Amino acid sequence: MAIEGSKEEAAGGRIRLGMVGGGQGAFIGAVHRIASRIDDQYELVAGALSSEPARAKASAKDLGIADDRAYGSFAEMAKVEAARPDGIEAVAIVTPNNMHAPAAKAFLEAGIHVICDKPLTTTVAEAEELVALAKKSGKVFAVTHNYTGYPMIRQARAMVAAGELGTLRLVQAEYPQDWLTEKAEATGSKQAEWRTDPKRSGAGGCIGDIGTHAYNLACFVTGLELDELLAQLSTFVEGRLLDDDVEILLRWKGGARGMLWASQVAVGHENGLKLRVYGTKGGLEWTQADPNYLWFTKFGEPKQLLTRGGAGAWPEAARVTRVPGGHPEGYLEGFATIYTEAARAIRAAREGKPVDADVIYPSIEDGLIGMKFIEAAVKSSQAGNVWTKV
């Protein structure tokens with residue numbers, strides 16, 4: 001069954017959504033807006049869409065946001081919206097990394113649910129402060145690790161939990177790209193500029209931008225906790241201030257081992273996220289570029305190709321499937337799954353009810369785990385590639 005809202009949910013009205021960042025010239029803001037509407041759970045009614053007031057107003061006009069709900073700053077937006085009887089119930093934060101913490105703090109303190117892009121913050125200390133604040137507020141806080149929303153990733157997680165692979169031994173994740181092979185940050189690329197700027201991105205470049213996606217996916221599917229890592233973070237492009245290639249050995253609690261490679265200078269790769277998990281009884285392989293398929297192999301038996309919407313799909317995959325098998329479903333729908341799972345939690349909060357047990361989305365605690373991973377990797381690399389506790 002698809003996760004689209006029921007009639008009972010629709011009767012309560014769409015969730016009033018605000019957005020911080022994502023204005024004219026921004027890529028990820030449009031992705032979040034599309035994702036929020038795929039299952040018709042949200043309505044964008046307010047925004048502080050740019051740190052430049054004029055651009056913020058122009059961006060709001062482009063999106064049909066009323067003039068009196070187009071704000072020049074997130075602080076103003078949090079204060080005014082919290083006081084309105086029809087104020088926003090949730091906010092999407094889609095800014096560069098350095099603005100995640102202050103914006104999230106302002107909205108949590110205003111009593112507003114938060115949906116935040118990854119990584120959660122720029123430091124572990126900021127993340128820990130946010131976790132404490134979110135717990136105190138009781139508000140929903142989702143982090144948009146969108147790949148956890150793919151149906152066959154949900155199936156892989158369920159199969160691991162059910163013991164289909166036996167005791168886990170090896171976990172390998174990779175995420176190569178090539179778009180920063182040359183110094184794009186010096187050519188006017190806004191996306192490259194902030195991602196390679198330590199003041200806006202934090203201590204990690206590639207490790208924070210895509211390495212955290214690969215790590216989060218490995219944790220999500222396996223349920224494992226990392227014990228320690230040995231990292232080599234490299235900067236190949238001359239003059240670049242942050243890493244653009246990441247190679248990490250992983251030691252998981254319980255004895256499993258693994259590797260993670262992320263790169264933004266791997267020529268020929270567009271968005272090559274892959275995950276491989278091997279246990280005593282079997283193995284799984286999944287590729288983001290072909291996300292509707294999951295390879296499963298029982299030891300000593302032929303490989304099986306499990307398809308989204310196909311005969312081998314488990315209920316965990318079917319619940320977040322929107323279209324029949326054979327029709328591509330991917331990136332935008334993965335984001336939409338996170339938004340709709342968060343919507344179910346927000347609706348439960350509206351009604352004072354517990355959240356259904358099957359609702360799964362990356363939480364603020366997962367965001368903190370990601371920040372500890374970045375910090376440990378940077379520390380390990382700077383110390384000369386040594387084993388470092390996470």
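Predicted model: local features only at pLDDT ≥ 70, side-chain atom pairs only at ≥ 80, totals over all residues.

Begin with strand 10, residues 274–279. Strands here are DSSP E runs of at least two residues, and helices are H or I runs of at least four, both numbered from the N terminus.

Residues are numbered from 1 along each chain as its sequence is written, and side-chain values use heavy atoms, without hydrogens and water.

Strand 6 (residues 168–176) pairs with strand 10 in the antiparallel sense, over 6 bridges; pairing takes at least two DSSP bridges between two strands. Find E174: it stands opposite K274. Strand 11 (residues 282–287) is also antiparallel to strand 10, over 5 bridges. There, E285 is the bridge partner of R276. Follow the chain through the hairpin of 2 residues that joins strand 10 to strand 11.

Next, select helix 3, residues 53–62. Its buried residues are A56, S59 and A60 (buried is under 20% relative accessible area, exposed over 50%, partly exposed in between, with a 1.4 Å probe and protein chains only). These residues lie on the same side of helix 3 because they cover an arc of only 100 degrees around the axis, taken from the directions from the helix axis to the C-beta atoms. Turn to the face away from that buried side: the exposed residues A54, K61 and D62 are there. Finish at G64, which follows helix 3 and has a positive phi, near 75 degrees.
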